[in-house]
Amino acid sequence: MQKLEKLYEGKAKKMYATDDPDVLWVEYMNQATAGNGAKKAQIAGKGSLNNRITSVIFELLKARGIDSHFIKRLSDTEQLVRKMTMYPLEIIMRNTAAGSFAKRYGVKEGTPLKKPILEFCLKSDDLGDPFINDDGIVALGLASEEELAEISRQARAVNEALKDIFSKIDVQLVDFKIEEGKTSDGTILLADEITPDTCRLWDLKDHSGKIEHLDKDLFRRDLGNIIPAYEEIYSRLTQLAEAE
Ligand code: C5P
């Protein structure tokens, strides 16, 4: 497989064309951003950890019957994925109140939710990723009724599988964001990444009642260095993958 021209550079990844029109070459970068790019830093080792973490998670999901764009990891910071036409949506699943949900509804962070919540935001840096509901998505033509039903079904299935994975490594899956796209043959698939940048992960090992964040909230909230936390997630996930 040959790496060709750069097609896109986002906040955390660069995408390149390859000699196969259905395959993209992804490079994970060390850049960390928060607040829609308002806060920015270069954190050595982050790109490699996220590339390795998302690769293991996509493999663990595959073993649970959930397919994704992931093809294979090439190096510490690179992987091959299937080329997709992306839905311009941030698809958020929540199991515990935290972050913008806790703030919006005046609920204490950590409050358990009686059922998982699926939320959508329109992916737009200019607009700050505003909340959008199902009717809005269909009315604006971002996805058809049928596509949205399939995206929602997959998001809930990913949540159940991820809850299983993280509970096995003593981590509470508080919430996460995924993205979905469509392949050239019309298959709707999980895409983008699943990493501590895109999930809230709280350590279930005893920290005497204090929340131990193993995710990007360490960076967003200036709580500490993300690298040891991401290394801990990677180490526990690889142990699980080896055991399975
Ligand atoms: O900030 P909020 O509570 O809405 O985030 C919900 C979940 O979605 C968190 O796990 C966060 O990491 C993720 N998220 C993301 N990218 C965004 C917004 C949220 O990965 N642009």
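In this predicted model, Glu90 sits across from Cys121 of strand β10. That pairing is a handy way into strand β9, which covers residues 89–96. Strand β10, residues 112–122, runs antiparallel to β9, and 7 bridges link the two. β9 also pairs with strand β12 (residues 171–182), again in the antiparallel sense, this time over 4 bridges. Here Ile92 has Lys177 of β12 as its bridge partner. As for how covered β9 is, 7 of its 8 residues come out as buried. As background, strands of a sheet pair through backbone hydrogen bonds, and they can do so in a parallel or an antiparallel way.

Another part of the chain forms an open sheet of 5 strands, ordered β1-β2-β3-β7-β6 and paired antiparallel. The edges belong to β1 (3–9) and β6 (70–73); each has a single partner strand, so one side of each has no neighbour in the sheet. On average, neighbouring strands in this sheet are turned by 30° against each other, if direction is ignored.

Zooming in on this sheet, strand β2 (residues 13–18) and strand β3 (residues 23–28) run antiparallel and are joined by 5 bridges. Lys13 has Tyr28 of β3 standing opposite. Ala17 is also found in strand β2. Setting aside neighbours within four places in sequence, Ala17 touches Leu4, Glu5, Leu7 and Leu24. By contrast, Tyr234 lies 217 residues away from Ala17 along the chain, and their C-alpha atoms are 28 Å apart.

Then there are the helices. Two packed helices are described by the angle and the distance between their axes. For helix α1 (residues 46–63) and helix α6 (residues 226–243), the axes come within 10 Å and cross at roughly 30°. Angles under 35 degrees count as roughly parallel, and α1 and α6 are therefore roughly parallel to each other. Their crossing is left-handed. On the α1 side, the contact is made by Lys46, Leu49, Arg52, Ile53, Val56, Ile57, Glu59 and Leu60. The residues contributed by α6 include Ile226, Ile227, Tyr230, Tyr234 and Leu237. Sorted by class, this contact of α1 with α6 has 13 nonpolar, 1 polar and 4 charged residues.

Notes:
Residues are numbered from 1 along each chain as its sequence is written. This is a predicted model: local features need pLDDT of at least 70, side-chain atom pairs count only at pLDDT 80 or more; totals for chains, interfaces and linings use all residues. A residue is buried if 20 or more other C-beta atoms lie within 10 Å of its own, exposed if 12 or fewer, and partly exposed in between; C-beta atoms are placed from the backbone. Two strands pair if DSSP finds at least two bridges between them. Axes are lines fitted to C-alpha atoms, for helices over the stretch in contact, and angles run from 0 to 180 degrees between N-to-C directions. Angles under 35 degrees count as roughly parallel, over 145 as roughly antiparallel, 65 to 115 as roughly perpendicular and the rest as oblique. A crossing is left-handed if the near helix is turned anticlockwise from the far one by less than a right angle, and right-handed if clockwise. Two residues are in contact if their C-beta atoms, placed from the backbone, lie within 7 Å. Ala, Val, Leu, Ile, Met, Phe, Trp, Tyr, Cys and Pro count as nonpolar, Asp, Glu, Lys and Arg as charged, and the others, Gly among them, as polar.
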